[in-house]
Amino acid sequence: MSTRETLRRALGQTLWICPFRPFFLLAATYAVLTMSVWAALLAGFISLPGVAGGPFVWHAHEMLFGFAMAAIIGFLLTAVPEFTGVTPLGRRPLMRLATLWLVGRGAFLLSGVLGIWLAAIADLALLVALIAIAAPPLWRQEPRRHVTFITTLTALALTHAGFWWALATGGEPMRWLRLALGVLMVLIVVALSRISMRIVNDVLFDRDGEARTPYLARPPRRNLAIATITAYSVGEFWQPGNAVNGWLALAAAAAMANLLNDWHIGRALARRWVLVPYAVYVCMAVGYALIGASLLGAAAPVSAGEHLLLAGALGLAVMIVMTIAGGMHSGHGLDERRWVPLAAAALVAAAVVRTTGGWWALPAAFTFSLAAALWVIGWAIFLRFGMRTLLGARPDGRERCDEPPPRD
Amino acid sequence: MTSSIVSPHRRLVEAAAATGRYLWGGMGSLAGLALFLALWEATAQQLGSLILPTPREAFATLAQMLTHGSAWSDLAISARRALAGYALAVLAGSALGLAAGASITASLLSRPIVTLLIGTPPIAWLILALLWFGAGDGTPVFTVFIACFPIVFIGAMQGTRTLDDRLRAVAQAFRLPLGMRLRDVYLPHVVSYLFPGWITALGTAWKVVVMAELLSTSDGVGAALAVSRSQLDTAASMAWIVALVSALLAVEYLLLEPIKRRVEAWREFASSSES
């Protein structure tokens, strides 16, 4: 079979055997693509004349509702069947949903031509469709263990609608995107608590056997983190720049640092499946601390801390979730090759460089380009080595989203 | 117990890890503290800084007082008085309380007296102290002593009253030497009652000394608070309050709480071996 034929077969068949596949592919590809465009925009090589709200709004919106959204769709459409036992979506509905995602991206890019209302409808339809698919089985489940996902998705949909409303009425779209950032941080905490209970305990079991006390993602600490993140996000939405929000951001930072107490489990922390989620939380803690310091009068702009939340926490969380879920549900198992820590390190470096950009030592233009390059490198590594879990046939002869058989 | 065969290096690492875990465990409290500061900031923004300065204004004033003003010496003066009264109360309260607990008659007798001492408000003692000692160190030291004494006394008395008779009998049956009996049988139990009393008393000492100084002396934190009040300087007042509370929190969580955990470690061991 020629390469072309293999690719055609993959895109026509194997890409669609489990919901995470097309959407993780879209997320990773878009991470590379949209960041390259953004870097070119910043450098002045190209311009985006037809975009509502201007290039900054486009960049922020596409990172949240393009890149992260694709990953969320892939994760939820795979996780919800696993949580509740319903059948995963088949090839046709997945194709329709992926088309909807693509239409949304195009609609925003052409919003100057299409008109804002048409672009808004095209873009908002995706999240509505996701809720319509994912919410009913989570709601019907007894007991309703995963209902937080419905709440968070609804909040995300409302902030997204608010964003388009602000664009259409001449309001402040960035305010809504900041609110959406808070919702996404909550979603990360919720999703990682589910994933970590499984993965961290697997790592502990491998090391120490059954004698070991299990790792627990304790709800009180998680709820404190969610409450403080929400308080800061709502405060900053309501009265941007107020010093009260600075203290609230510091509270969120301390609550995230407090969440790390769950993770101090000895040497198993050095394993990648534990260390990378841990780094996500560290990025969130430091990011919120920086935001708090900015609002209370420090030199760094708020956007510095925010990029630690975005490129750092969000980027890393998306990558590790895609690596874990991709490995487990493609039959390949957890990927122990060296590219995983390498790609994660590239994203952390991108986040740190971007965070220092423009206020600390190095000139802004240089740091922004370097950060964009590191981000693109990280995702290119993921695409190169993670592709087999997205496009390849299952190596174990099992079907669809099945996990590989237990090792012993 | 297997701890005796663990190498010193290993023990050091474990102690460092435990300290780290303890300090990092305080992150949740820090989150609560930051939420409180947010509430303070919001209230201050509503009322205006003449009525309530914002946290940042209070912190800035405090930093300024610490670098340029006489804040350190005022804090040292207050600390000296508080610690003097506290030390007297700990010595007298512990000794008398332990003694009183040893005899049922003495406990019966001392109970109403202690109730009376606790019931008398510190401000009443302060008035008496002003009459007896005048404006000087004597007044705040005495007031602190008399406010702390009954707290320590009660803890010490309870400690000896609740000693387990069976443990005493076992110790006697095995003819334990007196030193060992005191150190290994009585002390851990008594200390677990004494210590909470000492901690509560320390907080009381710190609060009472400021009150006493406010009305009786010309130096110390209390006197400085009186000055800032008369000048309607709310920022300085808040700065002093922040300094007082921070000092108390620091001593409590960085010094006393870790010690308390150490001396009460046997309880955890005892309760886990029961099950």
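B:L232 sits in the loop between α10 (221-230) and α11 (234-263) of chain B. In this predicted model, B:L232 takes a positive phi of about 55°, even though it isn't a glycine. Is B:L232 buried or exposed? It turns out to be exposed, with 9 other C-beta atoms within 10 Å; a residue counts as exposed when that number is 12 or fewer.

B:V170 is another exposed residue of chain B, with 12 other C-beta atoms within 10 Å. Its place is in helix α8 (residues 165-173) of chain B. Along the sequence, B:V170 and B:V185 are 15 residues apart, while in space their C-alpha atoms lie 9.9 Å apart.

Next comes the place where the two chains touch. Chain A puts 16 residues into the contact, and chain B puts in 15. On the chain B side, the elements that give two or more residues are α1 (8-25) and α2. Which of them gives the most? That is α2(B), with 10 residues. Sorted by class, the side of chain B that touches chain A holds nine nonpolar, three polar and three charged residues.

From α10(A), the contact draws on A:A243, A:V244, A:W247, A:L248, A:L250, A:A251, A:A254, A:A255, A:A257 and A:N258. From α2(B), it draws on B:M27, B:G28, B:L30, B:A31, B:A34, B:L35, B:L37, B:A38, B:E41 and B:A42.

Buried in α2(B) are B:M27, B:A31, B:A34, B:L35, B:L37, B:A38, B:E41 and B:A44. What covers these buried residues? The cover comes from both chains: it includes α9 (219-238) and α10 of chain A, along with α1 and α3 (55-67) of chain B. Just past the end of α2(B), B:G48 takes a positive phi of about 90°.

Finally, there is chain A as a whole. How many helices and strands does chain A have? The count is 14 helices and zero strands, so reading along the sequence gives one α after another: α-α-α-α-α-α-α-α-α-α-α-α-α-α. The C-alpha atoms of chain A fill a box of roughly 55 × 50 × 45 Å along the principal axes. For 408 residues, a compact globule would have a radius of gyration near 22 Å, and the 21 Å of chain A agrees with that. Of those 408 residues, 50% count as buried. Among the contacts in chain A with a separation of 6 or more, 73% come from residues 24 or more positions apart.

Note on methods. Residues are numbered from 1 along each chain as its sequence is written. Chains are lettered from A and ligands numbered from 1 in the order in which they are written. This is a predicted model: local features need pLDDT of at least 70, side-chain atom pairs count only at pLDDT 80 or more; totals for chains, interfaces and linings use all residues. Two residues are in contact if their C-beta atoms, placed from the backbone, lie within 7 Å. Helices (H or I, at least four residues) and strands (E, at least two) are DSSP runs, numbered from the N terminus. Ala, Val, Leu, Ile, Met, Phe, Trp, Tyr, Cys and Pro count as nonpolar, Asp, Glu, Lys and Arg as charged, and the others, Gly among them, as polar. A residue is buried if 20 or more other C-beta atoms lie within 10 Å of its own, exposed if 12 or fewer, and partly exposed in between; C-beta atoms are placed from the backbone. The radius of gyration is taken over C-alpha atoms; the globule rule is 2.2 Å times the number of residues to the power 0.38.
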